[in-house]
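Subject: Structure handover

Hello,

Here is the structure I promised to pass on. Please open it first, then read my notes below.

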Amino acid sequence: MKQNHTAITPLLLMLMYIGLGFFSIQLGSLNEGNLAVVWLASGAGLILMLRLGRIAPYAVLLSSFAVNTPFYIAKDSLSVRVALLCGLTTAAVDTLQSYLAQRQYQQLLLTEKGDIWPASHRLPIHWLRIGLLPCALTMPALILLQHSIGLMQSGTPSEMIRSTLSLIMGDTAGILLMLPLYQCWLSRRLMHTLRRAWLPMLGVTVFTVIAIFFYKYLMVLSLPIMLYIAVRYLQPGVSIALFIMTQLCVVGTAMGYGQFANASSALAFFNLQLFIFAIMLTMQYHASTQASLQRRQGELEQQIQARTQELISANAQLLELASTDDLTQVPNRREWQKRCAEAIVRSRRYKQPMSIILLDIDHFKKINDRHGHLIGDLVLKRISQICVSKLRTIDTFARWGGEEFVILLPETDQQQATIVAEKLRKTIEAEPLNFEGSQAIRATISLGVTALSMIDLTLDDLITRTDEALYAAKANGRNCVINSDTMSTSYLSPGMNHSAQR
Ligand SMILES: Nc1nc2c(ncn2[C@@H]2O[C@H](COP(=O)(O)OP(=O)(O)OP(=O)(O)O)[C@@H](O)[C@H]2O)c(=O)[nH]1
């Protein structure tokens, strides 16, 4: 935490302590003394400790002395010396309390990695360590002091216990009210929350004023409003609303108004403290639960997003695998058939020509036999690469199976497709295929070309006609292109139908 050592900051913080101390005493105090119903200065003491570093204990001591001593001096029964001594003792007790609270706070800050409002199930331990424990350890000393100098008239054990509890609750409430406000202020959420939540805050103010000064039975209805603020505006909203509400309740009760004011003053304040405690812990707990839920929801959403991304890319990979030929990495037969079926629909819809080519490597068995199966694989790959490089991006070159390939040529008529087929044939024929550890291989290909026509009722019809053209090319001595339109019937043989069904 940043510590500012310029003189102005300690002075301002001490003024805040003194101001809040007097404010708390003025608003309402027990025993007509300096034991406030809600001792906001205890929260200020913790803030001073957190902000001022080494000089903090002196600053708290001085501030507490400034707040408490006038009360002792005002007592006629005490000499000035005793009053000063009492002021100093009270200040020392307050300083010890602030020190203990600060130690606990910083330890928790370390274990909770900076989040002092952690998952709600750990919140009670935080209240206990930062608020209740430092106050419970130090406040009995003040009761003893005031009792020993005769400032507390009633001395029955039960009244003593109630006074001690009151004092502890007043100081604890001060810490637990001020600390969240300080954190909101540090994280610049205080003004932001006030701007966002001004209407519910106004509601809390008006509602509490009505419940305190006009119709006390309405007090219980404050719960839903506070609950709404806790759920909607989380810890910052709750801190501000609680501050407004509790201070209004203290003022009203001190003036003799509201639900708590019908008992004796000490009992009224004790009841009020219990109410403040109950509503403060409940609402802070709700805010914390809500924040945990939101955090968890955010984490879950992130996880879902990450998983969805993983699934999308796994799906894309699967799709790629399912539609690509393992060896040549060109689309496989199924993918080509899918694209071709879509192209046929488009071609018919927009009355555009469309052609396909079936391509078969000549005497591939001999290549395999002479150079081995692995080189045969490389030949298939190389011929695929060469053909793909000679085609347009809108064409689809795919492996039909074995040493046979198929090409889809959208927006291409039979004549243009024949030119493309001839270009491929010439390129393969001209290009020696060199592979490491093998002599250059000269491969040739035979191609059958067909354009989509009215007689092709299905994709199979179109392929059958192209297969016949390819068969004709093979029959014609290989290394040639046969176009199904110009195909001479002399090429057709009785085995044709079988071939076309491949
Ligand atoms: N290396 C390799 N060979 C394959 C692959 N798929 C099929 N073959 C072989 O390709 C050869 C095809 O032989 P045939 O159908 O007789 O055809 P061809 O020898 O090319 O003769 P024509 O087509 O009539 O010119 C067979 O020996 C298959 O084993 C493959 O993925 N890799």
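A word on the annotation. The unreviewed UniProt entry lists "transmembrane region" for residues 7–27, 33–50, 127–145, 165–185, 197–218, 238–257 and 269–287. Keep in mind that the model is a predicted one.

I have figures for two of those spans. Residues 7–27 are 95% helix and 0% strand. The C-alpha atoms at the ends of that span are 30 Å apart. Residues 197–218 come out at 77% helix, again with 0% strand. Here the end C-alpha atoms lie 22 Å apart.

Next, helix packing. Helix H6 covers residues 157–186, and helix H9 covers residues 222–254. Their axes are 9 Å apart, and the packing angle is about 135°. Angles over 145 degrees would count as roughly antiparallel, and 65 to 115 as roughly perpendicular. H6 and H9 are therefore oblique to each other. Their crossing is left-handed. From H6, the contact uses Leu177, Pro180, Leu181 and Cys184. From H9, it uses Gln235, Pro236, Ser239, Leu242, Phe243 and Thr246. By class, that contact has seven nonpolar residues, three polar ones and no charged residues.

H6 also packs against helix H2, residues 40–52. The axes of H2 and H6 come within 6 Å and cross at roughly 50°. That angle makes H2 oblique to H6. This crossing is right-handed. On the H2 side, the contact residues are Leu40, Ala41, Ser42, Gly43, Ala44, Leu46 and Ile47. On the H6 side, they are Asp171, Gly174, Ile175, Leu177, Met178, Leu179 and Tyr182. The contact of H2 with H6 divides into ten nonpolar, three polar and one charged. Note Leu177 of H6: it meets H9, and it is also listed in the contact with H2.

Over to you.

Best wishes

Definitions and conventions. Residues numbered from 1 in each chain as written. Predicted model: local features only at pLDDT ≥ 70, side-chain atom pairs only at ≥ 80, totals over all residues. UniProt positions renumbered as here; feature names shortened; annotations may be inferred. Helix = DSSP H or I, 4+ residues; strand = E, 2+ residues; numbered from the N terminus. Axes fitted to C-alpha atoms, helices over the stretch in contact; angles between N-to-C directions. Parallel < 35°, antiparallel > 145°, perpendicular 65-115°, else oblique. Left-handed = near helix turned anticlockwise from the far one by under 90°. Contact = placed C-beta atoms within 7 Å. Nonpolar A, V, L, I, M, F, W, Y, C, P; charged D, E, K, R; others polar.
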